[in-house]
Amino acid sequence: MTKPLGEFGRISRFFKPLAAGFPGARGLRDDAAVFGVPEGRELVVTTDAMVAGVHFFPDDAPADIAAKLMRSNLSDLAAMGAEPLAYTLVTALPRGLDESWLEGFAAGLGEDQRRFGIALAGGDSVSTTGPVTLSVTAFGLVPAGRALPRWGGRPGDRVFVTGSIGDAALGLEIAYGRLDVPDEETSAHLLRRLRRPDPRTTIGPRLIGLAGGAMDVSDGLVADLGHLCGESGCAALLRAEAVPLSDAARGAIDGDPVRLALAITGGDDYELLFTAPAAARDDLAALSADCGVAITEIGELHPGTPGEVSVLDAATTPLPLTRRGWDHF
Ligand SMILES: Nc1ncnc2c1ncn2[C@@H]1O[C@H](COP(=O)(O)OP(=O)(O)OP(=O)(O)O)[C@@H](O)[C@H]1O
Ligand SMILES: Cc1ncc(C[n+]2csc(CCOP(=O)(O)O)c2C)c(N)n1
Ligand SMILES: [Mg+2]
Ligand SMILES: [Mg+2]
Ligand SMILES: [Mg+2]
């Protein structure tokens, strides 16, 4: 057996290469990172953590775990209208975890760094007596004063969502062996979207000037729309039939209202949810065409109890839901 690298050997081997392109990281040789913000821009800071058994399966491929960790944070930057700049990383790993796990994890981070234009600025490495626990803090840049707030929606505004909803929630059911799908292609698409979400990093910054209120969908569409309209001081109507579904999700749902309810409440979507006046429709259609990502109108805000979401099915009768989204506690 080869000698273990130890804490600092691991940092040198796996993390220093990820910080190489970012001078503010100081080569991961100092106590902290140092970097400035360009004139006229502001720093946006977001943190999301992931725990094995809660956010991913312990035997998931380490590169997939890295991608989900990175992308869930990039999605929050996009929701603020920010462009990715740098991130810090905390790894809490059980002693004895094979170094090949870290190798795959670092490779996954490196791949997404290149894909999304972000660099490692620093972090911390600790051991844990519990499950693998990971946290990223992502830093992004927005034009000063223009970060997109959750509370920018107004009664009468329309509600829009990017991409498609429900893939990951259906993928999770497949991963748990609780959902049979028509074919291998359907299953592969839904599992891919669970493990490697597609953060809307190009659309997010381009929503500045178009969107009123904005956020990303992580807990579930219904729950997150509740957060958006609650912060905006109004209620929302969601047309379940208008919610964009991938072909794979449509095939897996197969007209079953229970599965449709799961798709709109299950979470892990990492799509953008935002409000805009009806007059912005043409601009949004142009943006969608430009980015090659669907932007779909799914409902509207109206005066009412802040945070209340009515979900209507095709016959405009209320769709019964047993829950609105993910809640840790
Ligand atoms: N432990 C905490 N300490 C300080 N602020 C927190 C803590 N947990 C959450 N927050 C803050 O509460 C707000 C909502 O957090 P939440 O994690 O729900 O947002 P999110 O990242 O958009 O959603 P998700 O975690 O589902 O991706 C954010 O402003 C976040 O910074
Ligand atoms: C193994 C496994 N079990 C359950 C889920 C579903 N899940 C976990 S946390 C969360 C909400 C977002 O997290 P947070 O609010 O902590 O950022 C969701 C939808 C999963 N992805 N993997
Ligand atoms: Mg969070
Ligand atoms: Mg988040
Ligand atoms: Mg968010």
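The legends below accompany close-up views of a predicted model.

View 1. The chain is divided into domain 1, residues 6-143, and domain 2, residues 150-312. Taken over C-alpha atoms, the centres of the two domains are 26 Å apart. The contact involves 19 residues of domain 1 and 18 residues of domain 2. On the side of domain 1 that touches domain 2, α2 (62-79) and β2 (83-94) each contribute at least two residues. The largest contribution to that side comes from α2, with 11 residues. By class, the side of domain 1 that touches domain 2 has 10 nonpolar, 3 polar and 6 charged residues.

**View 2. The surroundings of ligand 1.** Asp 48, Ser 72, Asp 76, Ser 218 and Asp 219 surround this ligand. The shell around ligand 1 holds 3 charged and 2 polar residues, with no nonpolar residue.

**View 3. The surroundings of ligand 2.** The shell around ligand 2 includes Asp 48, Val 54, His 55, Phe 56 and Phe 57. Leu 172, Ser 218, Asp 219, Gly 267, Asp 268 and Trp 326 are also among the residues that surround ligand 2. By class, this shell has 5 nonpolar, 3 polar and 3 charged residues. Domain 1 (6-143) and domain 2 (150-312) each supply at least three residues to the shell around ligand 2. Asp 48, Ser 218 and Asp 219 belong to the shell of ligand 2 and are also listed around ligand 1.

View 4. Asp 31 is located in the loop that lies between α1 (6-19) and β1 (41-51).

**View 5. The packing of helices α1 and α3.** The axes of α1 and α3 (residues 99-116) are 9 Å apart and form an angle of about 10°. The two helices are therefore roughly parallel to each other. From α1, the contact is made by Arg 10, Phe 14, Phe 15 and Leu 18. From α3, the contact is made by Leu 102, Glu 103, Ala 106, Leu 109, Gly 110 and Gln 113. The residues of this contact comprise 6 nonpolar, 2 polar and 2 charged.

**View 6. The packing of helices α4 and α5.** The axes of α4 (residues 167-175) and α5 (residues 184-195) cross at roughly 110° and come within 7 Å. Helices α4 and α5 are therefore roughly perpendicular to each other. On α4, Asp 167, Ala 168, Leu 170, Gly 171, Leu 172, Ile 174 and Ala 175 make the contact. On α5, the residues involved are Ser 187, His 189, Leu 190, Leu 191, Arg 193 and Leu 194. The contact of α4 with α5 has 8 nonpolar, 3 polar and 2 charged residues. Leu 172 of α4 is also one of the residues that surround ligand 2.

How values were computed:
Residues are numbered from 1 along each chain as its sequence is written. Chains are lettered from A and ligands numbered from 1 in the order in which they are written. This is a predicted model: local features need pLDDT of at least 70, side-chain atom pairs count only at pLDDT 80 or more; totals for chains, interfaces and linings use all residues. Axes are lines fitted to C-alpha atoms, for helices over the stretch in contact, and angles run from 0 to 180 degrees between N-to-C directions. Helices (H or I, at least four residues) and strands (E, at least two) are DSSP runs, numbered from the N terminus. Angles under 35 degrees count as roughly parallel, over 145 as roughly antiparallel, 65 to 115 as roughly perpendicular and the rest as oblique. Two residues are in contact if their C-beta atoms, placed from the backbone, lie within 7 Å. Ala, Val, Leu, Ile, Met, Phe, Trp, Tyr, Cys and Pro count as nonpolar, Asp, Glu, Lys and Arg as charged, and the others, Gly among them, as polar. A residue is near a molecule or strand if its C-beta atom, placed from the backbone, lies within 6 Å of it. Domain bounds come from an automatic or database domain assignment.
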